[in-house]
Amino acid sequence: QVQLVQSGGGLAQAGGSLRLSCAASGRTISSYHLGWFRQALGKEREFVAAISASELRVYADSVKGRFTISRENTKNTVYLQMDSLKPEDTGVYYCAAQRTFVPNSNNYGYWGQGTQVTVSS
């Protein structure tokens with residue numbers, strides 16, 4: 001089993017930056033593919049970014065060029081660096097892990113607890 005614990009997030013102004021972290025325990029995540037999702041109030045959860053075990057990166061069009069996903073296997077951690085934030089980036093962000101790389105899918109077996117990101121205009 002893999003447990004994912006998130007940290008980071010909070011409040012930022014438009015144009016600002018935040019970084020989310022997601023630390024795994026239970027197993028090493030080097031062979032897992034990792035993703036970030038978000039859910040705004042009253043909306044469905046949406047894909048944000050994913051990184052494969054071989055560090056192939058995939059981004060949603062809405063965050064491309066502004067967000068960067070990275071992983072540090074020695075720390076069993078995945079990050080989401082969020083720059084040039086917009087109010088529409090507001091939501092609860094979730095990290096997730098999967099064994100087969102299908103980035104924008106529900107095929108994630110493990111999820112973090114979620115962390116709130118609020119961007120003010």
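**Notebook: rings, sheets and core of a predicted model**

I began with charges over rings and found Arg99 over the face of Tyr32, 4.3 Å from the ring centre; a charge is taken to sit over a ring if NZ of Lys or CZ of Arg is within 6 Å of the ring centre and within 35 degrees of the ring normal. I noted a second case, in which the charged end of Arg45 sits over the ring of Phe37 at 5.6 Å from its centre.

On conventions, I wrote down that this is a predicted model in which local features need pLDDT of at least 70 and side-chain atom pairs count only at pLDDT 80 or more, while totals for chains, interfaces and linings use all residues. Residues are numbered from 1 along each chain as its sequence is written, and side-chain values use heavy atoms, with hydrogens and water left out.

**Aromatic pairs**

I searched the whole structure for aromatic pairs and got 5. Rings of Phe, Tyr and Trp (its six-membered ring) pair if their centres lie within 6.5 Å, and planes under 30 degrees apart count as stacked, over 60 as edge-to-face and the rest as tilted. The pair I looked up is Phe37 with Tyr108, whose centres are 5.1 Å apart and whose planes stand at 85°, so it is edge-to-face. This pair links distant parts of the chain, since Phe37 belongs to strand 4 (residues 33–39) and Tyr108 to the loop between strand 9 (91–98) and strand 10 (110–111), 71 residues apart. Strands here are DSSP runs (E, at least two residues), numbered from the N terminus.

I then checked accessibility, where buried means under 20% relative accessible area, exposed over 50% and partly exposed in between (1.4 Å probe, protein chains only). Phe37 is buried at 3%, and Tyr108 is buried at 6%. Phe37, Phe47, Tyr108 and Trp111 form one aromatic cluster.

I traced an open sheet of 4 strands in the order 1-3-8-7, with antiparallel pairing; two strands pair if DSSP finds at least two bridges between them. Strand 1 (3–8) and strand 7 (67–72) stand at the edges with a single partner strand each, so one side of each has no neighbour in the sheet. From one strand to the next the twist averages 15°, with axes as lines fitted to C-alpha atoms and angles running from 0 to 180 degrees between N-to-C directions.

Within this sheet, strand 3 (residues 18–25) and strand 8 (residues 77–82) run antiparallel and are joined by 6 bridges, and I noted that Ala23 has Thr77 of strand 8 as its bridge partner.

I turned next to strand 11, which pairs with strand 2 (residues 10–13) in the parallel sense over 4 bridges, and with strand 9 in the antiparallel sense over 3 bridges. Leu11 stands opposite Thr118 of strand 11, whereas Tyr93 has Thr115 as its bridge partner there. In a regular strand the side chains alternate between the two faces of the sheet. In strand 11, I listed Thr115, Val117 and Val119 on the covered face, and Gln116, Thr118 and Ser120 on the uncovered one.

**Nonpolar core**

I looked up the largest nonpolar core, which has 34 residues and in which Trp36, Leu80 and Met82 have the most contacts. Such a core is a set of buried Ala, Val, Leu, Ile, Met, Phe, Trp, Tyr and Cys residues joined through side-chain atoms within 4.5 Å. At least two core residues come from each of strand 3, strand 4, strand 5 (46–51), strand 7, strand 8, strand 9 and strand 11 (115–120), and strand 5 gives the largest share, 5 residues.

**Single residues**

I compared two residues of strand 3, Ser21 and Arg19. Ser21 is buried at 14% relative accessibility, whereas Arg19 is partly exposed at 45%. Leaving out residues up to four places away in sequence, Ser21 touches Val5, Gln6, Ser7, Trp36, Thr77, Val78 and Tyr79, contact meaning heavy atoms within 4.5 Å. With the corresponding exclusion of residues up to four places away, Arg19 touches Ser7, Gly8, Gly9, Tyr79, Leu80 and Gln81.

Lastly I checked backbone angles. Glu55, in the loop between strand 5 and strand 6 (57–59), has a positive phi of about 70° although it is not a glycine, and is partly exposed at 36%. Asn76, in the loop between strand 7 and strand 8, has a positive phi near 55° and is buried at 13%.
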